[in-house]
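Subject: Structure for you to look at

Hello,

Here is the structure I promised to hand over. Please open it and keep it in view while you read my notes.

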Amino acid sequence: MFGHQLCRFVSLILLSILLSGDTSNGAPFGNRKSGKSPSVFSLFNLKEKSRFWSESVIRSGYDDLESSNAGKFDVINYTKAGNIANHLKLLEVDSLYLPVPVNFIFIGFEGSGNKEFKLNAEELERWFTKIDHIFEHTRIPKIGEILTPFYKISIDQERRHHLPMISHINYNFSVHAIQMSEKVTSIFERAINVLGRKDDVSSTSDDEIGLWQVDVDMMDVVVTSLVEYLQLEDAYNIFILNPKRDAKRSKYGYRRGLSKTEMDFLKENKSLQDRILQSGNIPDSVLALEKIKRPLYEKHPMAKFSWTLTEETDTIEWHNRCQDALNNVEKLYQGKDTADIIQSKVLQFLKGKNDDLKHFSEKDLKSGDFSGFQAECLTDTWIGNHRWAFVDLSAGPFSWGPSVGGEGVRTEQSLPNVEKTIGAVAEISEDEAEDRLQEAIQEKFAVLGDNDNHAVDILLAEIDIYELFAFKHCKGRKVKLALCEELDERMQDLKNELQSYESEEHEESHKKKAIDALKRMENWNLFSDANEEFQNYTVARDTFLSQMGATLWGSLRHIISPSLADGAFHYYDKISFQLFFITQEKTRSIKQLPLDLKSIMDGLSSLVLPSQKVQFSPHMLPLSEDPALAMAFSVARRAAAVPLLLVNGTYRKTVRSYLDSSILQHQLQRLTDHVSLKGSHANSRSTLEIPIFWFIHGDALLVDKHYQAKALSDMVIVVQSEPSSWESHLQCNGQPLLWDLRRPTKAALAAVSEHLAGLLPLHLVYSQAHNTAIEDWIWSVGCNPLSVTSPGWHVSQFQSDTIARSYILTTLEESIQLVNSAIHLLVMERTSEQTFKLFQSHERELVNKYNYVVSLWRRTSTVTGELRYTDALRLLNTLEDAAKVFADYVNVTVASLHPIHCTRQRKVEVEFDMTTIPAFLVVIFILWFVLKPRRSKPKIN
């Protein structure tokens, strides 16, 4: 009985062992590999490959994402992907590229300009392809409120930033170099001569030697007519001028308006003032050019670098029209004295269309008060009102920037100089060549001394002298020196002498020296008459081209795609300017205030894009009737001792009265019950209200010690006071720049543009190498609110485009951040077989919404690259909604998958293995043997 029970127990143990084993083929999620597949949208991550978007690339991406036909391997592929982002092949967007078309237009580089300098396409391509044609858009943190004693910009780097300092958006510049023909060069040379006049009219000498000024307003007509004639308005145009210099005029520059001596002449000549007041209307422009067009190209060649050489037939019609117009101007001014010319210029101010040209009104003329008028700086660079700027390498040189201690100031060596580089290596005469050769011989043999030198060493020394001399003075000359021909014959003799040392009778060391020298001479072509296809790349030319490349790269960084202020600047359909004019005493009406309200409103309107509406709400707030506002003003008013080191080296300590912007902002924000002071963002994107607090004060008053206006996060502060000639910390050509504190319109527009769209002064740009802002004052020119060399405040097309681009960049940046955050959620969401069917129901919609965002990115990039900013702005609201819809749908998808992840799986999967069949048979046999019925034995009594 015991044996029978033991057999049953052993059988059950064997059965349990055989049935136990690997009951599941599942694996923990943590053991899965989640390798990333290459994304079809790596287009956004083109760091090295950087090219423009193409239709084929985008379409292939869509096809890849949308091809999700169900198949038997779908579940396996889904689970193996590891996460949903990998399954959809989505990566976070690293970079998005905006194409920017640029034309570099070279005038006077075909061989007829200054020093007959000629550029070749190979030289330009070799140097200008080295320019960074791709760089990130950057933002500059808030500028510190207080400048250091040496006027160095301080940056607040501790703040948290809404958008990254180095943006996801990259500018992709396509550079098209255009070399103009000799006909165009002749027109510019003619215009400089006709439109130029003496800077110092007090001199009675008829000698033309001295400083000359060229009327930049009339040059604007010439340049604009060329741009319109060739139809280059669909790109940004940078002109590089190299006109031939007039030997009679030692130095010239560009200026708008009158010089200091002309202004003094007008002040002292009462009869001239009366003549001006009694004069009738004059044409808007003395230089009138009929608009004609002959397109240079059908569409800008959107390539990294391209080169076009214009023919005379391309511009002959424009040349003839300009020639006739300039002849008429010359006849108009011919025989006129200084008073007549000044009268003509002043009437252009008074009767002109541009309000910023009206430095003084008829009221000023009648009173004879010209104290607020200051002569503009003479410059050799200029930013026009349209999409063009120029640098004249034959003008100047000039200097401007901070008086003491500033960085990146414009000096006389800042721009490439044809005369000091190319002209410095001008061809020397026969006598000079012989003298230099003798000096080189004496210097070389003085080194050898009286030592007993072998004849081979003497020959080698002579070869070294001739080689160096030939490279400097014989190679690439237009007129060959007779001395070079003699040296060519002497080199043949030296070669024969060296060949005689190849025989075995000479020492091995001397023989080796001679053979090495002969090998050197085999590749020489120093004295050859053969015409080379291209001139040699001399050190002087390379120096010039490298400097010019740096200058043009600076134009890209400071004019075309400047850094913006830190912040998010959104597009609004309407801009409402809330103007609060705060005075000491009550005034009857705004018209009696010492300001030109129409001029201010026109200036503010120029900051508004054509697709936007503008609204003004002017208010008067006398401090005498508003105790709360008067208290805020008094608390914010402070005084500081400011050390000054003037241009002439004089040290001065002044006590400045100023408004502390932080305190004033805090005090104004506390006046929440003051209904008239409210101005804020509307709840929707329909209207943006900008409160501008314009303080009118008697004594000299500034903002934060050094400014006339300051942009804050929710308001703009402007200060107007009585001094008409305030000596600033800036200088121009050795003279201090004087500010008219009675007319802070220019400073106000600069502050409002910063508050509205993040525009900053032209000399500021973010440097990734320094991780902060740096200064470069070369392009701080033009009659726009952001320059320092002109009191004009006309908003250039460059700045209007920057304002529009600022709105576009903000929306693109925020949509990228939103999409990246959604993709990050998909990266964190693990895939499993249980979630496949549910995810499949969301996949198509998820892909479609992502594709829609990408298509809007592509569309915005394309339209912006064509400079159609109005069309691009229409896409912004749609892009914002599309990015938000995609992010919301990602959240919905992820939320729907979570309940399945959280459900406990009770199902146990048993795997059937054929190898267990023999074991089952053995167990069954044992059980049968143990449990089979026993035959009962007969009982025998």
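Which residues lie nearest the centre of the largest cavity? They are His-558, Pro-562, Leu-760, Leu-762 and Leu-786. Please keep in mind that this is a predicted model.

**Cavities**

I searched the whole structure. The search finds 8 cavities of 30 Å³ or more.

α18 (539–560) and α23 (797–828) each supply at least two residues of the lining. α23 gives the most, with 3 residues.

**The disulfide**

Next, the cysteines. A disulfide is a covalent bond between the sulfur atoms of two cysteines. A search of the whole structure finds 1. It joins Cys-377 to Cys-732, with an S to S distance of 2.2 Å. Cys-377 sits in the loop between α12 (362–367) and β9 (381–383), and Cys-732 is in strand β21 (residues 726–732), so the bond ties together parts that are 355 residues apart in sequence.

Are these two cysteines buried or exposed? Buried means under 20% relative accessible area. Cys-377 has 7%, so it is buried. Cys-732 has 6%, so it is buried too.

Look at two further cysteines as well. Cys-322 is buried, at 3% relative accessibility. Cys-783 is also buried, with a relative accessible area of 5%.

**The nonpolar cores**

Now the cores. In soluble globular proteins, nonpolar side chains tend to be buried together. In this model, the largest nonpolar core has 133 residues. Which of its residues touch the most other members? Phe-106 and Met-548 do. α23 turns up again: the largest share of this core, 12 residues, comes from that helix.

Leaving out residues up to four places away in sequence, Phe-106 touches several residues, among them Leu-119, Leu-124, Phe-128 and Ile-240. Met-548 and Leu-552 are also on the list of its contacts. So is one glutamine, Gln-179.

Another core lies apart from the largest one. This other core has 38 residues, including Ile-107, Ile-187, Ala-191 and Val-227.

**Where to start**

Begin with α23, which gives the most to the lining of the largest cavity. Then go to the disulfide between Cys-377 and Cys-732. Send me your questions.

Best wishes

Technical notes: Residues numbered from 1 in each chain as written. Predicted model: local features only at pLDDT ≥ 70, side-chain atom pairs only at ≥ 80, totals over all residues. Heavy atoms only, no water. 1 Å grid on protein atoms, 1.4 Å probe; cavity = no way out; pocket = protein on both sides within 12 Å on 5 of 7 lines; lining within 4 Å. Points joined across faces, edges and corners; volume = space filled by probe spheres on them. Helix = DSSP H or I, 4+ residues; strand = E, 2+ residues; numbered from the N terminus. Disulfide = S-S within 2.5 Å. Buried < 20%, exposed > 50% of the residue type's maximum accessible area, 1.4 Å probe, protein only. Core = buried A, V, L, I, M, F, W, Y, C linked by side-chain atoms within 4.5 Å. Contact = heavy atoms within 4.5 Å.
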